[in-house]
Amino acid sequence: MIGADRVGGLADGFAPHPDAAAHRYSEAGLFDGRALWQIVSDAARSNPDAPAVTDAGTDGPRTLTYSELDDAARSRAAGLVAAGLEPGDRVVLQLNNSAAFAITLLGLLRAGAVPVMTLPAHRISEISHLASSVDAVAYITEDARRGYDYRELASTLRDRVPGLRQVFIDGDPGDHLPIPDADPAEIDLPEQMDPELPALLLVSGGTTGLPKPIARTHNDYVLNAVLSAEVTRLGAGDVYLAALPAAHNFPLACPGIFGTWAVGGHVVMTDNPSPDSAFDVIEAHGVTVTALVPALAQVWTAATEWEPADVSSLRLLQVGGSKLGQADAEALDAALGPIGQQVFGMAEGLICYTRLDDPRELVHRSQGAPMSEFDDVRVVDENGDDVPDGAEGELLVRGPYTIRGYYRAGEQAANSFTPDGYYRSGDAVRRLAGGYLTVTGRIKDTVVRAGENVAADDVEENLTAHPSIRQAAVVGVPDPDLGERISALVVVSHDHPPGQPIELSEVRRFLTGRGLAAFKLPDEVHTVPSLPVTAIGKVDKKALRAELQKENA
Ligand code: OOB
């Protein structure tokens, strides 16, 4: 087994569980000691001819069985080793949802390399920041998609990050190299890595600052996938549609791609989550489970009205990544049947699920309960003292699959953890009976107007209760008299007359009617066609504030 001394600098800047915690988790039998890629090689041994992955891409669907996927991954690993990759090398991976994503990810893992899981929407600022902070030696991406040429990004990246030795391209490589394959009979693949070492680096999903690398070990990520598969009662007969960007923790392992492979199920990959395309894919492949962010879930709910495709094979539709409003959760069930599940998770670890047999009313109003009894969750006030159940506070968490520190992220990121190792999520939550959580907002997402703290989420939720408002974002804008004034950006509902803005007076009247205090009422309303979103589709408040500030300058 390859240990920390033989993986270059991989272990530098990685914060493992302290000994006592590691001991307690392994005594409890939580970790099975497999490398992440063994999920697939194990399935290939027991179920070689079962479908493992289908690429629903534009060239027509292409399916690989478990034995074909395992072989392709070993050939890719051999190619990468022959090209000079060594165990512990960090490699930035940026591929759209495709069979190539699956093969290349498994190939990297099999070669002992550590992929940095960036999303297709990341651009040079995020990619170069991540590549240099983890000392990446290679970048793997594809030629071009949806009018964006990743080869140009690759060329700029080479100029900016001198340590980056190689670029490999799926498709037409242009000035770069194709992703290599080789005969695994001719090249020695490395032994298994110590499962307590990082298997891959996820990217933090925050809406402030640049993304931070998150090291997830073989042990903790296998646990993440396996426990998630249990909670969602996944079996070999399930067909999981990866419709969100596959490198994100939610579609990757909650239970997502790895959870589906862990039970011998079938993963279908699409890079187009819009209903006109995705509904046909669901019908064609008999998809049973998928995961969406709330904005997409809203679109899917509405699309059941006009899309002809039959999506009745779906038994579970997971929604997470940002808050799903209660009205939207109810509408989803009404349109698609009682198949919605709320998922509140984070790349840093903790995943909460509503359970399959929970009363629908609980599924509609809560974001779920932690998946493991070993998840140690606290809800605290600003002094770090626990608040009683039902009161709002910041969520802190420690647990077997939650990190103890960001990977190589320096001083500032250290504030994200308490001295005794809890991750400070920055999420404001209330704990209900049975450990269920409702997310009420972000701790620091407030507007300070004339000395009063106004929680953005509170105003946003009341705004979306208006029949003409589909989405809302509230941000503070610097103001000479008030300090900050409350600016609301709203997207109108599908049935609102197009081109007609929502008036400030109407918004204030409506919110007052709902009993909102006068100091929380917006000072301005902008009707916009859409809100800026992050790479996974969360409303991007950083971008919003910058836009508003530019307008005011
Ligand atoms: C998921 O992971 P990340 O790392 O992209 O973002 C985590 C943050 C959380 O701290 C929270 O602020 C927000 O996203 N969030 C939610 C939420 N799910 C995530 N806020 C309200 N309600 C929810 N249901 O987003 C993620 C990872 C795995 C599974 C699901 C989501």
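Strand S20 (residues 392–398) and strand S21 (residues 423–431) are joined by five bridges in the antiparallel sense; strands count as paired if DSSP finds at least two bridges between them. Helices (H or I, at least four residues) and strands (E, at least two) are DSSP runs numbered from the N terminus. Opposite Ala428 in S21 stands Glu394. This is a predicted model, in which local features need pLDDT of at least 70, side-chain atom pairs count only at pLDDT 80 or more, and totals for chains, interfaces and linings use all residues. Residues are numbered from 1 along each chain as its sequence is written, and side-chain values use heavy atoms, with hydrogens and water left out.

S20 and S21 belong to an open sheet of four strands, ordered S19-S20-S21-S22 with antiparallel pairing. Strands S19 (376–380) and S22 (437–442) are at the edges with a single partner strand each, so one side of each has no neighbour in the sheet.

## Helices H10 and H11

The axes of helix H10 (residues 275–285) and helix H11 (residues 294–303) come within 10 Å and cross at roughly 75°. Axes are lines fitted to C-alpha atoms, for helices over the stretch in contact, with angles from 0 to 180 degrees between N-to-C directions.

In H10, Pro275, Ala278, Phe279 and Ile282 meet Val299, Trp300 and Ala303 of H11 (contact means heavy atoms within 4.5 Å).

## Ligand surroundings

Among the 20 residues around the ligand, His248, Val343, Ala347, Asp427 and Lys538 come nearest (near means a heavy atom within 4 Å). A ligand nitrogen atom is 2.8 Å from a polar backbone atom of Val343, and a ligand oxygen atom is 2.9 Å from one of Ala347.

Note on methods
Polar contact = N/O pair within 3.5 Å; in protein donor to acceptor, adjacent residues only side chain to side chain.
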